[in-house]
Amino acid sequence: MLSSFFAILQFAPNTCSFMEGIGKNAFSGCKNIEGITIPDGVTSIGENAFVNCPKIRRIGIPDSVLSIGKHAIGYEYNERGKIYLPLGTIIIYGKEGYAGYLYAQETGLRFGEMPTRLRLIAAATDLIASS
């Protein structure tokens, strides 16, 4: 069993409309994800999509993402207190002025320009998915 991993989300381009977004609670509670590169073409990240994922340290969000739901990234939900607690250890990578940047600004998460390595991983994932 893997103790942790770096996820590259793969979607087959132009197959179904539901593949254009990451749904509400989609990866909620995935305790071992350390990093994520979301492929270009995904347009939305739903509410609580990555809530209660305490090991996430970095997430690459492409320009194609237009909306990010409430508490989608960087929060832990406390059942007992029924409150969301910010994790604060995550860096969102993307382009300034786009959804990832705006979400980081709104939530107080750190933001950085998408490193070349993450851009290459995302591009390779797109090639694999389209073949």
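1. The largest nonpolar core has 24 residues, and Ile45, Phe50, Ile59, Ile61, Ile68 and Ile73 touch the most other members. A nonpolar core here is a set of buried Ala, Val, Leu, Ile, Met, Phe, Trp, Tyr and Cys residues joined through side-chain atoms within 4.5 Å; buried means under 20% relative accessible area with a 1.4 Å probe, protein chains only. Strand E3 (33–37) and helix H1 (99–107) are the elements that give two or more residues to this core. H1 gives the most, with 3 residues.

2. This is a predicted model, in which local features need pLDDT of at least 70 and side-chain atom pairs count only at pLDDT 80 or more, while totals for chains, interfaces and linings use all residues. Residues are numbered from 1 along each chain as its sequence is written, and side-chain values use heavy atoms, with hydrogens and water left out.

3. Ile68 touches Ile45, Ile61, Ile73, Ala99, Gly100 and Tyr103, leaving aside residues up to four places away in sequence. Contact means heavy atoms within 4.5 Å.

4. The protein has 2 helices and 10 strands. These are DSSP runs numbered from the N terminus: helices are H or I with at least four residues, strands are E with at least two. From the N terminus, the order is β-β-β-β-β-β-β-β-β-α-β-α.

5. Of the 131 residues in the protein, 40% are buried. Among contacts with a separation of 6 or more, 45% join residues 24 or more positions apart.

Note on methods: Buried < 20%, exposed > 50% of the residue type's maximum accessible area, 1.4 Å probe, protein only.
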